[in-house]
Amino acid sequence: MALDKKTLEELKQKLLARKQKLEKGLEAIGEETERPGDYETRYNEIGTDKDENASEVEEYVDNLALEGNLEKQLADINRALEKMKNGTYGICEKCGGEINIERLKIHPSAKKCMKCNK
Ligand SMILES: [Zn+2]
């Protein structure tokens, strides 16, 4: 593997920091279900009149989209951490080639190499 221990450790720290941020963001808008890494968007009751109901729904729809997005990113990070454990980190899931280190530094949860990601 082209990744040395030091680089791998740096990337791992990056992933863990990002994971923490994502979990915080998810906890702000939802609740974690019994499945780890799976969140449910919270529905905030603002009030009972028509305008208030409309803003509740609007907020919920926004949060739902945000929640889905954050959850996806979190899943990618967990997957990358998992791959670090079993030694398959940094390998393109499509062609099996090595993912460029510079690419991993920018995007540590990358699953595919630059070529396959196009
Ligand atoms: Zn590839």
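## Helix α2 and its cover

In this predicted model, the buried residues of α2 are covered by elements that include α1 and β2 (39–41). Those buried residues are Glu56, Asn63, Glu67, Leu70, Glu71, Leu74, Asp76, Ile77, Ala80, Leu81, Lys83 and Met84. An α-helix has 3.6 residues a turn, so residues three or four places apart point the same way.

## Span and ends of α2

α2 has 37 residues. From first C-alpha to last, α2 reaches 53 Å, close to the 54 Å expected at 1.5 Å a residue.

At the start of α2, aspartate 49 places a side-chain oxygen within 3.0 Å of the backbone nitrogen of aspartate 51. At the other end, glycine 87 follows α2. The phi of glycine 87 is positive, near 80 degrees.

## The nonpolar core

The largest nonpolar core holds 19 residues. Leu11, Leu15, Met84, Tyr89 and Leu104 have the most contacts inside this core. α1 (5–29) and α2 (50–86) each supply at least two of its residues. The largest share, six residues, comes from α2. Nonpolar side chains tend to be buried together in soluble globular proteins.

Leucine 11 touches Leu3, Met84, Tyr89, Leu104, Lys105 and Pro108, leaving aside residues up to four places away in sequence.

Definitions and conventions. Residues are numbered from 1 along each chain as its sequence is written. This is a predicted model: local features need pLDDT of at least 70, side-chain atom pairs count only at pLDDT 80 or more; totals for chains, interfaces and linings use all residues. Side-chain values use heavy atoms; hydrogens and water are left out. A nonpolar core is a set of buried Ala, Val, Leu, Ile, Met, Phe, Trp, Tyr and Cys residues joined through side-chain atoms within 4.5 Å. Buried means under 20% relative accessible area, exposed over 50%, partly exposed in between (1.4 Å probe, protein chains only). Helices (H or I, at least four residues) and strands (E, at least two) are DSSP runs, numbered from the N terminus. Contact means heavy atoms within 4.5 Å. The expected span of a helix is 1.5 Å times one less than its number of residues. A polar contact is a pair of N or O atoms within 3.5 Å; within protein, one must be able to donate a hydrogen and the other to accept it, and residues adjacent in sequence count only if both atoms are side-chain atoms.
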